[in-house]
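Dear colleague,

I am passing on the structure below, and I would be grateful if you could look through it with the notes that follow.

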Amino acid sequence: MARSSHDLFQEAQKVIPGGVNSPVRAFRGVGGDPVFVERAAGPYLWDVEGQRYIDYVGSWGPMVHGHAHPGILAAVAAQMANGLGFGAPTAIEVEMAETICRLMPSIEEVRMTSSGTEAVMTAVRLARGYTGRDKIVKFEGNYHGHSDSLLVKAGSGALTLGQPSSAGIPQDLAQHTLVLPYNDLDETAQMMARFGYDVAAIIVEPIAGNMGCVPPVPGFLAGLRALCDQYECVLIFDEVMTGFRVALGGAQALYGVRPDLTTLGKIIGGGLPVGAVGGVREIMESLAPNGPVYQAGTLSGNPVAMAAGLATLRLLERPGFHTELAAATEALCQGLAECAAALQVPLQINRVPGMFGWFFHDRPVRSFDDVMAADAQRYGRFFHGLLKRGVYLAPSAYEAGFVSAAHGAAEIAATLAAAREVLQAMKE
Ligand code: PLP
């Protein structure tokens, strides 16, 4: 007989720390056993017990066309027939770099990595090497992967564990990371007035997606751009999550602000492990082998990952794609807002095209403090109510939800019907 998720989780915990290969998957934020997935197609996941779920996690972002898209699978299969990787340059890497540079005009050169973490780690080293300065400014609740300099007051799994900063990071290193409240330009300007000429980079998630989903307030991103210009430091947009999702040109196109460096991941690998750092030529030329900033990767630019990513990007380029994705996100979020209002449930619903954040809170959620003031326990009950009804949300109040092009009217209607029942039951 097939093993249940519960049985698998028991076994997993004997051989994998916490039973998972990335902390949020352990369901600590919502309680209970994680769902062990067997397969997925379009907007659906099936667990090892055969239960089907409408999936709003989408592998945490890459699955913008839904799971197992036939065109992407075909591109991967064709590439695999030539071998899995060579550790030598390939034409498909050039095509990937040209595509990224064309779709995101702030990027003149791009280097591929194997994860978003590596991409951001490289961006920070590059900014430090280019400017000759040590300090990095980041924002509370923004998550930039798990490299030492950036795992300070971070979001995502770090928040789920109630521990925004990790053990094992030398204080000598952490002291170079200055942490500010997200969406607070005044505080950032004050901090820059004190330390600006020691700052190598300001790094920001242009739409925060690792403390739920918190869009930037008007003027925040443009203000960061102006501060970086004033203090001659590097503006890094971490678009690992938002890149190619919220608009074809990413959040930088949506809000019309041009960073010096951009980090990418998720979508550009179509579901396979990937990351990238790109930006203005002058800074990118500091990277080895041209410049003094070292960076490398055995599997970087892996041709199978490039094939999946390129196929994903080509599908995104269809005119109208992002308008439709935005409309699907809006239909889901607006429907939920109406349902919560009718039941008088205080639910704040943040959204941008393809991403959402739902908070049990009675005031708009714009900052990390607002996120922390939301009712995470209620989110846990909502999550489990939906899970029972075949809807899979992020197993944490501090993660964004993702809508894909495969989420059609039927899936959205089914999700809203389930949500209505759960919200009703939570009132009783
Ligand atoms: N940056 C952002 C904005 C992310 O959302 C993530 C992952 O969720 C990362 C960086 C790290 O990427 P990876 O998990 O591929 O290392």
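Helix 7 (residues 185-195) and helix 8 (residues 220-231) pack with their axes 10 Å apart and at an angle of about 10 degrees, and because angles under 35 degrees count as roughly parallel, helix 7 is roughly parallel to helix 8. Please keep in mind throughout that this is a predicted model. On the side of helix 7 the contact is made by Leu 185, Thr 188, Ala 189 and Met 192, which meet Phe 220, Gly 223, Leu 224, Leu 227 and Tyr 231 of helix 8. Sorted by class, this contact of helix 7 with helix 8 has 7 nonpolar and 2 polar residues, and no charged ones.

Helix 14 passes helix 15 in a right-handed crossing, and the contact is made by Arg 378, Arg 381, Phe 382, Gly 385 and Leu 386 of helix 14 together with Ala 418, Ala 419, Val 422, Ala 425 and Met 426 of helix 15. The residues of this contact of helix 14 with helix 15 divide into 7 nonpolar, 1 polar and 2 charged.

Turning to the domains, the assignment gives domain 1 as 5-68 + 319-427 and domain 2 as 71-316, and the centres of the two, taken over C-alpha atoms, are separated by 25 Å. Across the boundary, 34 residues of domain 1 are in contact with 35 residues of domain 2. On the side of domain 1 that touches domain 2, the elements giving two or more residues are helix 12 (321-342), strand 11 (347-352), strand 12 (355-360) and helix 13 (368-373), and the largest share, 4 residues, comes from strand 12. By class, that side of domain 1 divides into 19 nonpolar, 11 polar and 4 charged residues.

Finally, there is the ligand, which is surrounded by 17 residues, the closest being Ser 115, Gly 116, Thr 117, Gly 145 and Val 240. Helix 4 (residues 116-131) gives the most to the shell around the ligand, with 3 residues, and the residues of that shell divide into 5 nonpolar, 10 polar and 2 charged.

With best wishes

Notes
Residues numbered from 1 in each chain as written. Predicted model: local features only at pLDDT ≥ 70, side-chain atom pairs only at ≥ 80, totals over all residues. Left-handed = near helix turned anticlockwise from the far one by under 90°. Contact = placed C-beta atoms within 7 Å. Nonpolar A, V, L, I, M, F, W, Y, C, P; charged D, E, K, R; others polar. Domains from an automatic or database assignment. Near = placed C-beta within 6 Å. Axes fitted to C-alpha atoms, helices over the stretch in contact; angles between N-to-C directions. Parallel < 35°, antiparallel > 145°, perpendicular 65-115°, else oblique.
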